[in-house]
Structures are given as structure tokens and as C-alpha cells.
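How do the words used for a protein model follow from its numbers? The questions below set values beside definitions, one step at a time.

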Amino acid sequence: MPRYASTIVLVASLSLLTACNKETQAQEETPPESVPSVTTLSVAMTPGYTINREFVGTVQAGQSANLGFELGGKVNALMVDVGDTVNAGDPLIVLDTLLLDTESQQLSAQLEQLDAQLDLIKNNLQRQRQLKKKGFSADSEIDSLTSQRDALLANIRQLDASLASSALRKDKSTIYAPYSGKISHRFVSNGDVVSMGAPTLTLLADSQKEAQIGIPVKALADINQMTD
């Protein structure tokens with residue numbers, strides 16, 4: 001009977017020793033807890049901050065001209081079309097100037113005729129004055145020639161003014177680019193008869209472009225402060 005009791009006590013002692021060894025091993029295998037590191041910043045108070053905002057808008061030419069003729073007439077030549085880039089002073093459209101050329105030729109012929117008559121009267125007047133010195137000419141003849149000379153001079157001045165007017169109308173029969181830019185619209189074609197002031201081309205300037213942007217009313221005060 002005592003033999004069995006010793007065996008039970010020995011088995012119990014071995015079991016307790018094994019349990020203690022397992023608990024100790026579990027404690028050794030558990031890793032230590034990691035401590036997180038924290039970075040701190042000092043907060044400084046500021047009166048304001050910047051926010052980026054986007055607004056939708058369009059970029060337009062600083063100048064946009066609808067070009068027209070100061071005189072009416074028939075379109076004889078188109079030098080440009082939509083999309084073409086032109087420089088200031090370039091010819092763009094030309095009207096038919098056949099009537100003006102004919103008028104200028106008639107005025108020039110009349111002017112030559114008056115010049116010939118004036119030369120004749122000047123020669124006669126010079127002869128009459130020479131004869132008067134010798135006592136062979138009357139004052140009435142000299143006065144008549146002087147009056148004819150003055151009338152011819154007035155007619156010549158009138159013809160000169162008419163020729164200058166014809167030349168000016170011929171010059172205005174061509175539209176020149178008032179500034180450098182690009183043709184955006186064309187309203188006429190070759191052979192069209194245009195009236196005075198009717199638009200023929202639209203010219204957009206290349207320089208001094210303007211941006212049109214829609215901005216909420218509540219944001220205007222902030223924008224004005226930034227621009228001041």
C-alpha cells in the first residue's frame with residue numbers, strides 16, 4: 001500500500017515542475033511593449049491665411065474693330081480672309097476705282113487747258129504793258145487781261161481742289177489695317193456692293209489683351225485689398 005502512494009506523489013511533482021517550466025518559457029518569449037514617439041510643434045497665432053481659388057473667365061482682344069468704307073462702292077479685291085494675321089498699314093480690301101480714275105483724267109485735262117490759256121493771257125498782258133510804256137496800249141485792255149488771268153487762276157485752284165478730292169476718295173477706297181492683329185470675321189466677297197460704313201471685316205488686336213473673369217460679389221472686397 002505505501003508503494004502506490006509514493007508513485008502518485010512523484011507523478012504530481014513532475015507535473016507541477018513541467019507546468020512551471022512552460023509558464024517561465026511563455027514569459028520569456030513575450031516581447032516587451034514598444035513606446036511610440038511623438039513629435040510636437042509650437043502653434044503660433046497669425047492674423048490670416050491664404051486660400052487658392054479658381055475663377056472661370058475668357059481672354060479677349062483689347063481692341064476689336066468692324067472695318068468699313070467711308071464711301072460706297074463695289075469690292076474689287078480682297079487681300080485677307082478669316083484667320084489671317086496682318087500688320088498695321090497693310091491693305092485689306094479695295095473698291096473699284098474706275099470711275100474715280102476717269103474723273104481724275106478729266107480734271108487733269110481741264111487743268112492742262114486752263115494752264116495753256118493762262119500762259120497765253122500772261123504773254124498778252126506782258127506785251128500790253130510793254131506797249132503801254134511806248135504809248136500804244138490802253139488801260140482797259142490791260143484791265144481786261146488781268147481780270148481774265150485772275151479768273152483762270154481761280155478756276156485752276158478749283159480744279160486742283162477737285163483733283164485732291166478725287167485722290168482722297170481713291171485712297172479711301174482701300175481699307176488699311178489700323179493696327180496689327182488677326183481677322184476674325186469677313187462680311188463681304190469680291191463683287192459685292194457695299195454702302196458707306198457697312199462692316200466688311202472684324203480685326204482683333206494682338207496686343208493689350210483683356211481677361212474677363214466672373215468673381216462672386218463677396219470676394220470682391222478681398223481682391224480690392226490685394227490690388228491696393
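Q: What makes helix α2 roughly antiparallel to helix α3?
A: In this predicted model, helix α2 (residues 98-134) and helix α3 (residues 139-171) pack at an angle of about 160°, and their axes are 8 Å apart. Axes are lines fitted to C-alpha atoms, for helices over the stretch in contact, and the angle between N-to-C directions runs from 0 to 180 degrees. Angles under 35 degrees count as roughly parallel, over 145 as roughly antiparallel, 65 to 115 as roughly perpendicular and the rest as oblique, so α2 is roughly antiparallel to α3.

Q: Which kinds of residue form the contact of α2 with α3?
A: The residues of this contact divide into 14 nonpolar, eleven polar and eleven charged. Here Ala, Val, Leu, Ile, Met, Phe, Trp, Tyr, Cys and Pro count as nonpolar, Asp, Glu, Lys and Arg as charged, and the others, Gly among them, as polar.

Q: How do you know what counts as a helix or a strand?
A: Both are DSSP runs numbered from the N terminus, with at least four residues (H or I) for a helix and at least two (E) for a strand. By that rule the protein chain has four helices and ten strands. Residues are numbered from 1 along each chain as its sequence is written. As the model is predicted, local features need pLDDT of at least 70 and side-chain atom pairs count only at pLDDT 80 or more, while totals for chains, interfaces and linings use all residues, and side-chain values use heavy atoms, with hydrogens and water left out.

Q: Why is T200 called buried?
A: Buried means under 20% relative accessible area, exposed means over 50%, and partly exposed lies in between (1.4 Å probe, protein chains only). T200, which lies in strand β9, has a relative accessible area of 0% and is therefore buried. Contact means heavy atoms within 4.5 Å, and, leaving aside neighbours within four places in sequence, T200 is in contact with residues including L67, I93, I175 and F187.

Q: Are S173 and T174 buried or exposed?
A: S173, in the loop between α3 and β6, has 4% relative accessibility and therefore counts as buried. T174, in strand β6 (residues 174-176), has a relative accessible area of 15%, so T174 is buried too. The C-alpha atoms of S173 and F69 are separated by 6.9 Å, although these residues are 104 residues apart along the chain. Beyond residues up to four places away in sequence, T174 touches F69, P91, I93 and V94.

Q: What makes a set of residues a nonpolar core?
A: The term names a set of buried Ala, Val, Leu, Ile, Met, Phe, Trp, Tyr and Cys residues joined through side-chain atoms within 4.5 Å. The largest such core has 18 residues, and those with the most contacts inside it are V86, L92, I93 and L203. Strands β2 (64-68), β5 (91-95) and β9 (199-205) are the elements that give two or more residues to this core. A second, separate core of twelve residues includes L111, I121, I142 and L163.
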